[in-house]
Amino acid sequence: MSTLAPGARRKSKAGWNLLGLLVFVTAGFPVYWMLNTAFKPAKDAIDPDPSLLPTGITFSNFSRALDIADFWGPVGRSLIVSLSVVAIGVVVGTLAALAISRFQFRGRKVVIVAILAVQMVPLVAMIIPVFLLLNDLDQYDRLSGLIITYLTFILPFTVWTLRGFIVNVPKELEEAAMVDGCSRTSAFIRVVFPLLAPGMVATSVYGFILAWNEYLYALMLLSQKNQTATVWLGNFTTKHGTEYAPMMAGSTMMAVPIVVLFLLVQRKMAAGLTAGAVKG
């Protein structure tokens, strides 16, 4: 039981609420400013004394963003890359996590340590080796080469995360299903797989966001004609210089797929579906 007096507990709760509100405002202000700039007149976007509240609303920045350069081509390529990375990463990551979690084999601990070690390597340190390797494999300036590259640093996270979910699923559930006549594969599909839904959704969302927002490798490994949405946004300049209002409009349009994806899967993001599966 808490030893704090009711008044002290209320003060403590108010303090935590204030801290949470401060974190929310700090994290949400850049998003608000992006939306504010996207919908304000272009001349107000470069005002040296900007207004915190919108002084006018216009949709011309969105049409201007679409007119400056091809938008749907880069967005389509980003969707292809991101969805491919998610699909391949979840399938391969699930099988790898299952093997690490359920089977004993020589070098198992080395594999686990290697997965953690890969996460510690800065991505910028691998640009030149990746470029040379993809060039030798004739995968430079190809979406397939970019997909392979993204998988190299998304798969370790996927395997490690799903391993934690699989370990938390009691083996007794699989054993009970196998006693009832299921094979090991059937037991995994019927019993373990449904309980992995939160982990698979979480890793899928992470992989999609990482692949969708990645800029450095997309810039280095793809030419202008095959650029993705982030590179398109980074090159948002015209003969008049950088047009900030249309750029923020383009950023808003790029954020829509992420927001929609999160809204669709937010209920699956919660873990703990295995709680109480085994009594005693």
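This is a predicted model: local features need pLDDT of at least 70, side-chain atom pairs count only at pLDDT 80 or more; totals for chains, interfaces and linings use all residues.
Figure 1. The buried residues are Ala197, Pro198, Gly199, Met200, Val201, Thr203, Ser204, Val205, Gly207, Phe208, Ala211 and Trp212.

**Figure 2. Length of helix α10 (residues 197-213).**

**Figure 3. Packing of helix α8 (residues 171-179) with helix α9 (residues 184-195).** The axes of these two helices are 9 Å apart, and the packing angle is about 140°. Angles over 145 degrees would count as roughly antiparallel; α8 and α9 are therefore oblique to each other. Their crossing is right-handed. On the α8 side, the contact is made by Leu173, Glu174, Ala177 and Met178, and on the α9 side by Arg184, Ala187, Val191, Val192 and Leu195. This contact has 7 nonpolar residues, 2 charged residues and no polar ones.

**Figure 4. Crossing of helix α3 (residues 60-68) and helix α13 (residues 244-265).** The two helices cross at roughly 90°, and their axes come within 8 Å. This angle makes α3 roughly perpendicular to α13. Helix α3 contributes Asn61, Phe62, Arg64, Ala65, Leu66 and Ile68 to the contact, while α13 contributes Ala245, Pro246, Ala249, Gly250, Thr252 and Met253. By class, the contact of α3 with α13 has 8 nonpolar, 3 polar and 1 charged residues.

Methods
Residues are numbered from 1 along each chain as its sequence is written. Side-chain values use heavy atoms; hydrogens and water are left out. Axes are lines fitted to C-alpha atoms, for helices over the stretch in contact, and angles run from 0 to 180 degrees between N-to-C directions. Helices (H or I, at least four residues) and strands (E, at least two) are DSSP runs, numbered from the N terminus. Angles under 35 degrees count as roughly parallel, over 145 as roughly antiparallel, 65 to 115 as roughly perpendicular and the rest as oblique. A crossing is left-handed if the near helix is turned anticlockwise from the far one by less than a right angle, and right-handed if clockwise. Contact means heavy atoms within 4.5 Å. Ala, Val, Leu, Ile, Met, Phe, Trp, Tyr, Cys and Pro count as nonpolar, Asp, Glu, Lys and Arg as charged, and the others, Gly among them, as polar. The expected span of a helix is 1.5 Å times one less than its number of residues. Buried means under 20% relative accessible area, exposed over 50%, partly exposed in between (1.4 Å probe, protein chains only).
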